[in-house]
Amino acid sequence: KLEAIVSKFENDGNTTMIVSENSEVIGIIAVSDALKDDSVEAIRKLNDAGYKTVMITGDNERTALAIAKKVGIEEVLANVLPEDKAKKVEELQKRGMVAFVGDGINDAPALKQSNVGIAIGTGTDVAIEAGDIVLAKGSLIGVVEAINLSKATFRKIKQNLFWAFAYNVVAIPIAIAGLLHPVVAEIAMALSSITVVTNANLLRRTKIN
């Protein structure tokens, strides 16, 4: 009967604690963190974008699987000791690039080990110091926004490099041939800079959520 009650609590995503007195069980306490609605949305957006989501937790496997199912996480690594989180990240890195999200003291080594450490701003100071990116709000939507912003920024960098080189590729051969007036060259250089700055400012209009 006791095992059945514990199993029910854990299948519902709760961490259970058994209370005993004089070697006799007198009660069971079930504890769980409330799932935020935006966490479910964030995981869904990451999955839809083609990213593989993995949960690394010290909770038992039954509880971890129940929570992962609620939020839509694809893979669960449960019963992981605090000192082993970084090792699990290292193992995942053999499959590809890993971004680790954490907010606790025990997450700091894993944040450092990952390719991109994303710390929750409402977490511990140690985690914040270890993170490459710090989210001001305690919401996983910020992870989606950070990824979208980085991709948009990288696109702008490539576009600006194209325009910067395009002016030079066209102008340099003409200048070598002696067909380009210095004033025209100065105008072309100015236009190159204006184009790059204007294109970079368009990043402000990019939707990242």
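This is a predicted model: local features need pLDDT of at least 70, side-chain atom pairs count only at pLDDT 80 or more; totals for chains, interfaces and linings use all residues.
Helix α2, spanning residues 37-48, packs against helix α7, which covers residues 141-176. On the α2 side the contact is made by D38, E41, A42, K45 and L46, and on the α7 side by I141, V143, V144 and I147. Sorted by class, this contact of α2 with α7 comprises 6 nonpolar and 3 charged residues, with no polar ones.

An open sheet is formed by 3 strands with parallel pairing, arranged in the order β5-β6-β7. Strands β5 (99-102) and β7 (133-135) are the edge strands, each pairing on one side only. On average, neighbouring strands of the sheet are turned by 20° against each other, with direction ignored. Strand β6 consists of residues 116-120 and is joined to β5 by 4 bridges, the two strands running parallel. Within this pairing, A99 is placed opposite V116 of β6.

The structure contains 1 aromatic pair. Its members are F162 and W163, whose ring centres are 5.2 Å apart. The ring planes of F162 and W163 meet at 75°, so the pair is classed as edge-to-face, the cut-off for this class being an angle over 60 degrees. The two residues were also assigned by accessibility. F162 has a relative accessible area of 52% and is therefore exposed, because the exposed class begins over 50%. W163, at 38% relative accessibility, counts as partly exposed.

Note on methods:
Residues are numbered from 1 along each chain as its sequence is written. Side-chain values use heavy atoms; hydrogens and water are left out. Axes are lines fitted to C-alpha atoms, for helices over the stretch in contact, and angles run from 0 to 180 degrees between N-to-C directions. Contact means heavy atoms within 4.5 Å. Ala, Val, Leu, Ile, Met, Phe, Trp, Tyr, Cys and Pro count as nonpolar, Asp, Glu, Lys and Arg as charged, and the others, Gly among them, as polar. Rings of Phe, Tyr and Trp (its six-membered ring) pair if their centres lie within 6.5 Å; planes under 30 degrees apart count as stacked, over 60 as edge-to-face and the rest as tilted. Buried means under 20% relative accessible area, exposed over 50%, partly exposed in between (1.4 Å probe, protein chains only). Two strands pair if DSSP finds at least two bridges between them.
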